[in-house]
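Open the structure in your viewer and keep the selection tool at hand. Each stop below says what to select and what is there.

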Amino acid sequence: MSGPPPPPSSSERSGETASAGDLPEAARSRLTEAAGPGGTWTSDLSVSELSAVERCGFTPAGMVVGMTVYQFGLQGYGSQYQMSGGIGSGMGGQLYMTPGWAGGYQQTYVCQHATYGHMPGYNFEDLWYERGLTEAYTIAIDRLREEADLLGAHGVVGVRYQSQRLPLASSAPVIEIRMVGTAIRREGSPLLSEPFTSHLSGQQFAKLIDTGWVPGAMVVGVGAIRSYGGCVVGDGTSSGASAFNQYASGEFRQRSDAIQHCRRFAVDRLETHATGYGERVVGVDVAAQFHSTMEDTMLVENVMLGTAVRRFRHIEEPQPARVTVGLADVSR
Amino acid sequence: MADQALDALRRPPGRAGGRDKASTSGHHRAISTDFSVDEAILVEGTGYEPLGLVTGAAIYRPPFWGRYGVAMRENRELADLSNSLHAARTIAMGRLRSEAAALHADGVVGVRLEFEGAEGKGRDYRFNAIGTAIRATRHATVRANDRPTDGMPPQQGEVFTSDLSGRDFALLARAGYVPADMVMGVCVYHVARRQFGDWLKTQNANVELELITTALYDSRELAMERMQLESHSLGADGIVGVQIKEETHVWGSHVIEFLAIGTAVRLVADEHQSLAPEMVVPLDDLTVDTDPRKLHGR
Amino acid sequence: MTAIDSTQGLPPDALRRLQESEDSAGRRGLFTSDLSVNEFLLVKEAGFHPRGLVFGSSIYHIGFQRRGLRKNQELGALTQAMYTARELAMARMETEADVLGSDGVVGVRLSVNFYDWGKHSAEFIAIGTAVSADETDTEWKTSAGKPFTSDLSGQDFWTLVQAGYAPLGLVMGTCVYHVGYRGVGAVMSTSMRNAELPHFTQALYEARELAMSRMQEEARSLGAEGIVGVQLVEKSHFWGSHVIEFLAIGTAVRPLRPDHVIAQPQMIVTLDT
């Protein structure tokens, strides 16, 4: 298994995407107005969140947005990730790609049937897709920071994020990633070179500060593995070979490996990404997606998103939390 | 505090004020957890440190003939299918455990064990587990076992797993308990089709259908019994948070799978410690929620 | 297949499971519980120890009852069926609790499941956690010597005991009611007006009152002081829009001591979400 590639830094990004200062004009003028004299702040913090944030000595600076509409190019032709393998032909005349994607995880599962040389199954890491997803999330987070910077803020809390596949007429999949949060400011403190970002709510932010931690940045880890089934997949109708599989039982090791590795890669990259910002990552959202692109193939995709936090003060004897029972109606 | 916090962000990470536990134990990488801030604080409050997210997955194909060989009018457990479900879950949890053991963890908390059935026409099903590995520090108030702290990694079997949240783990620790392990019982059962004559007789009557009652009752009891038997061998005192799940879609309407899942706990203190809760009247309409999945739902 | 044991009403696997978790050789038996950790700890705080998850089930065929199209009427046979089926499930759960030698059952949940193999049959399920008191100086069982039952959560159970009450039994009343269709004339005459529809009002009103009074009657016969946490549930199950079951369910309580003073609770405002 190869080591995980680091997430792209802003200098080595593809194409003409987010370099510093590419916010739309409408965003610039909105933020400059809000930051200027007589400007008002907007915020989607609840009243409880607002008071929690203010208690820690921060004031809201304004709502900030980071978004991108991103297209995944057609499987990397002409790129450095282009396949180095070739096209082969299995029993029954199906075409299949031989493994050989440069650099990523790959594994072949040869046919176990004694006398038939069936099509092998194989897993490979889709580096091209992984890189695209990572870049899309990084762009959105960078734009949040940029907007916060324009407001003269020190950080962004309560970031909510959404991603969706856009039904655009395009030969390649297009996703939209949208992040919204509230920028906050510490009066009288010089600006940071990079404002912090966090998907934690205002209260959670306050609890972090109280216990000696400060959010560093929202971090993301992505894993994507394509699993092409060999002769062990199928229900006995799709290809001649899989008639054997009706009666097979037991673990489907190839698919287990795909999921296991995919999650491992996402966690590893999340931690690598976070290492530049803090010692811990909290609140990781571990949603995984499985796409069956065809009968025999599966794309396993994991996007993990969390907030890296850094310790600024060590509290030797933390106050134990009080145990209370609320006389309020909490439904069971 | 705010200024101190911002100052820390002006320095490169890992050299912040105070002792950095992570780097003393040889880790220089960030450690990921799916804990909410509340959970992170509470778990550390009990003297445990997180070591990272660990996962285990297994995709399993049940025996094709497992569904057959049972008469239409027979109430019977499909033992092959029960066994295959059990095996798949054991594999997934085993992988989670070995990832945790590789991190020298004492246990894994907040395990989410997802079970999904019938992928494609092959009737494959998937067990997916993910959770945060933790280890006792020298401040720990309770310990899973009296393992000598000479730096020896624990044996693989000693890593406990638990589907309790970090908050629940901390509360149990205060009361003197530690999780022993996640336990599960499975029963896949074929419910008989009724005879036409029977159906005709009861068509208009209000009656209990005794045979079906027995079938369903029995299969749930079997699932619960197997779960209990698992925890007996762990020397547990009890099982909390038991969930009984049932699915009917995987093998057709007359085959039901019952899954009983819970966390077995062991009392390690001399006796149950009272938490002496205080009564409070919250003057707000909000309910407290520490589920990390709802962190950004607000 | 072994049929349900007529004396106990439980399948043999249930008895075996329960016996396995009994105390042996001075060691407390294993308990199983679907209580959350918070609830488990509060039940312990209240001076109880969980004994095991107890369960009762009954699959019941619910027949058809003739009704007048325009008539508001209770469908007595259906009411009886819905009640008996729940009662059977509850009784089996109580028997399981009895086998464990427990004082009561907390966190009882009653549910009705429909499966796709029988259109008019449903599974009625009662599930809860059997508990025993640590101290033996209070009699927690009902006057009939049966374990108490309650649908209160662990939190509510603790608070109730703090306030000097004891749960006595889960009480319920049900009423399956046919709401008559209105005549064409009645529909025509009101279609352009804002008006109360007395025919419907009366039907729904009566059905609810019937369900509630039956529940109250159950509580009275238990010798309860009152009923807490009553829920009124309305469901049409598989009967279509004009036949509705009204179910009233709550926990009957009795006083443990004459005064019900609790420690003055603190008022707090949480900044939590």
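**Before you start**

This is a predicted model: local features need pLDDT of at least 70, side-chain atom pairs count only at pLDDT 80 or more, and totals for chains, interfaces and linings use all residues. Residues are numbered from 1 along each chain as its sequence is written, while chains are lettered from A and ligands numbered from 1 in the order in which they are written.

**Stop 1: colour by confidence**

Colour by pLDDT, the predictor's confidence in each residue, from 0 to 100. The predictor gives the complex an ipTM of 0.80 and a pTM of 0.83. Now select chain C. Its mean pLDDT is 86, and 93% of its residues reach 70 or more. Select residues 1-7 of chain C next. Here pLDDT stays under 50. The model has 15 contacts beyond four places in sequence for this stretch. Two residues are in contact if their C-beta atoms, placed from the backbone, lie within 7 Å.

Which elements of chain C have the lowest and the highest mean pLDDT? Helix H5 (residues 184-190) of chain C has the lowest, 78. Strand S6 (residues 148-149) of chain C has the highest, 95. Helices (H or I, at least four residues) and strands (E, at least two) are DSSP runs, numbered from the N terminus.

**Stop 2: chain C, then chain B**

Stay on chain C. Look for six helices and ten strands. Along its principal axes, the C-alpha trace spans about 75 × 60 × 40 Å. Chain C has 273 residues, and 46% of them count as buried. A residue is buried if 20 or more other C-beta atoms lie within 10 Å of its own, exposed if 12 or fewer, and partly exposed in between; C-beta atoms are placed from the backbone.

Switch to chain B. This chain has seven helices and eleven strands. Of its 298 residues, 51% count as buried. Among its contacts between residues at least 6 apart in sequence, 77% join residues at least 24 apart.

**Stop 3: one arginine**

Select Arg126(B). This residue is found in strand S5 (residues 124-136) of chain B. Is Arg126(B) buried or exposed? Arg126(B) is buried, because 21 other C-beta atoms lie within 10 Å.

**Stop 4: where A touches B**

Show chains A and B together. Here 71 residues of chain A are in contact with 64 residues of chain B. Select helix H5 (253-275) of chain A. H5(A) gives the most to the side of chain A that touches chain B, with twelve residues. By class, that side has 31 nonpolar, 25 polar and 15 charged residues. Ala, Val, Leu, Ile, Met, Phe, Trp, Tyr, Cys and Pro count as nonpolar, Asp, Glu, Lys and Arg as charged, and the others, Gly among them, as polar.

Now find strand S10 (250-251) of chain A. Two bridges join S10(A) to strand S2 (residues 48-61) of chain B, and the two run antiparallel. Two strands pair if DSSP finds at least two bridges between them. Glu251(A) stands opposite Tyr60(B) in S2(B).

**Stop 5: where B touches C**

The contact takes 57 residues from chain B and 55 residues from chain C. H7(B) gives the largest share of the chain B side, 16 residues. That side has 27 nonpolar, 18 polar and twelve charged residues.

**Stop 6**

Which strands make up the open sheet of five? The order is S3(B)-S7(B)-S10(B)-S9(B)-S1(C), with mixed pairing. Strand S3 (76-77) of chain B and strand S1 (31-32) of chain C stand at the edges, each with a single partner strand, so one side of each is left without a neighbour in the sheet.

Two bridges join S3(B) to strand S7 (residues 177-190) of chain B, and they run antiparallel. Glu77(B) stands opposite Tyr189(B) in S7(B).

S9(B) and S1(C) pair in the parallel sense over two bridges. Ile239(B) stands opposite Thr32(C) in S1(C).

Last, select helix H7 (residues 210-232) of chain B. This helix lies across S3, S7, S9 and S10 of chain B together with S1 of chain C.

Definitions and conventions: Axes are lines fitted to C-alpha atoms, for helices over the stretch in contact, and angles run from 0 to 180 degrees between N-to-C directions.
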